[in-house]
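Here's a quick briefing to read with the model open beside you.

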Amino acid sequence: MIYVPAILALLVTLALALVRAFRGPTLFDRALAGNAIGTVSMLLLALLEFFTGRPEYTDLALVYGLLNIGGTIAVLKFFRSGDLGKPALPAQERR
Amino acid sequence: MTLAQAATSVLLGAGGLFCVIGAVGLLRMPDVYTRAHAASVIETIGAGLILAGLAIDAGFTLATAKLGAMALLIFFASPTAGHALAKAAYERGIRAKLARPGAESEAVRGKDPAQ
């Protein structure tokens with residue numbers, strides 16, 4: 001099968017990104033690793049559709065990608081300002 | 001093996017290789033900004049090559065349209081997430097590791113470091 005090398009490579013990628021997500025050291029490293037894991041999971045689901053021959057997997061990949069971007073932006077907005085509803089600081093107060 | 005299958009296997013192999021390269025960079029780079037740089041390899045060329053290989057394999061079908069939607073989603077969402085991540089990290093006081101200490105303030109002031 002021509003899909004097996006790419007699937008194995010993506011599994012290795014997932015494992016390495018998971019190691020970075022556990023090691024940190026800052027929260028933003030973990031958020032970055034989580035975002036990379038989401039993207040790789042989308043690609044893995046798209047590959048699984050062709051590997052197993054079942055047409056449902058690209059729909060799952062699309063839904064997973066939409067959830068991933070929403071989750072990443074929400075987490076980063078929360079940890080930037082400490083509050084989901086608060087507007088960003090005015091320009092002269094930044095830094 | 002037809003020509004389309006050969007093109008698919010080459011594109012999938014190259015995409016998987018670039019994904020592993022990006023993950024190794026994510027693991028080995030020294031700070032969060034360089035790690036974001038390494039992770040963007042996964043989201044640009046790794047995802048692009050794998051989706052292109054699958055689209056060649058599927059031909060003109062509904063699956064290719066869905067793969068195109070995934071490609072659009074990745075190519076709009078991942079720069080947005082990268083920008084939000086770098087901005088959030090900077091505003092929470094995380095600074096890039098520099099080869100020379102103080103190089104950032106010199107760059108901000110526009111001062112020649114040789115003087």
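Chain A averages a pLDDT of 83, and 84% of the residues score at least 70; pLDDT is the predictor's confidence in each residue, from 0 to 100. This is a predicted model, where local features need pLDDT of at least 70, side-chain atom pairs count only at pLDDT 80 or more, and totals for chains, interfaces and linings use all residues. Residues are numbered from 1 along each chain as its sequence is written, while chains are lettered from A and ligands numbered from 1 in the order in which they are written.

**Confidence**

- Among the elements of chain A, α1(A) has the highest mean pLDDT (92) and α3(A) the lowest (85).
- Where pLDDT is low, the predicted coordinates should not be read in detail.

**Chain B on its own**

- Chain B has four helices and zero strands; these are DSSP runs (helices H or I, at least four residues; strands E, at least two), numbered from the N terminus.
- Of its 115 residues, 34% count as buried, meaning 20 or more other C-beta atoms within 10 Å of a residue's own, with 12 or fewer for exposed, partly exposed in between, and C-beta atoms placed from the backbone.
- Helices α2 (residues 32–58) and α3 (residues 62–91) of chain B have axes that come within 10 Å and cross at roughly 175°; axes are lines fitted to C-alpha atoms, for helices over the stretch in contact, and angles run from 0 to 180 degrees between N-to-C directions.
- That angle makes α2(B) roughly antiparallel to α3(B) (over 145 degrees counts as roughly antiparallel, under 35 as roughly parallel, 65 to 115 as roughly perpendicular and the rest as oblique).
- The residues of this α2(B)–α3(B) contact divide into 16 nonpolar, four polar and one charged; Ala, Val, Leu, Ile, Met, Phe, Trp, Tyr, Cys and Pro count as nonpolar, Asp, Glu, Lys and Arg as charged, and the others, Gly among them, as polar.

**Where A meets B**

- On the A side, 40 residues are in contact with 42 residues of chain B, a contact being two C-beta atoms, placed from the backbone, within 7 Å.
- α1 (4–23), α2 (27–52) and α3 (57–81) of chain A each supply at least two residues of that side, and α2(A) gives the largest share, 15 residues.
- By class, the A side has 28 nonpolar, seven polar and five charged residues.
- The axes of α2(A) and α2(B) come within 10 Å and cross at roughly 10°, which makes α2(A) roughly parallel to α2(B).
- Residues making this helix pair's contact include Leu32(A), Leu43(A) and Phe50(A) from α2(A), and Ala36(B), Leu54(B) and Asp57(B) from α2(B).

**The core**

- The largest nonpolar core has 50 residues; such a core is a set of buried Ala, Val, Leu, Ile, Met, Phe, Trp, Tyr and Cys residues joined through C-beta atoms within 7 Å.
- α2(A) gives the most to this core, with 13 residues.
- Leu85(B) is among the residues with the most contacts inside the core; leaving aside neighbours within four places in sequence, Leu85(B) is in contact with Phe28(A), Ala31(A), Leu32(A), Leu76(A) and Ala36(B).

**Phe50(A) up close**

- Phe50(A) sits in helix α2 of chain A and counts as buried because it has 24 C-beta neighbours inside 10 Å.
- Leaving aside neighbours within four places in sequence, Phe50(A) is in contact with Tyr3(A), Leu54(B) and Asp57(B).
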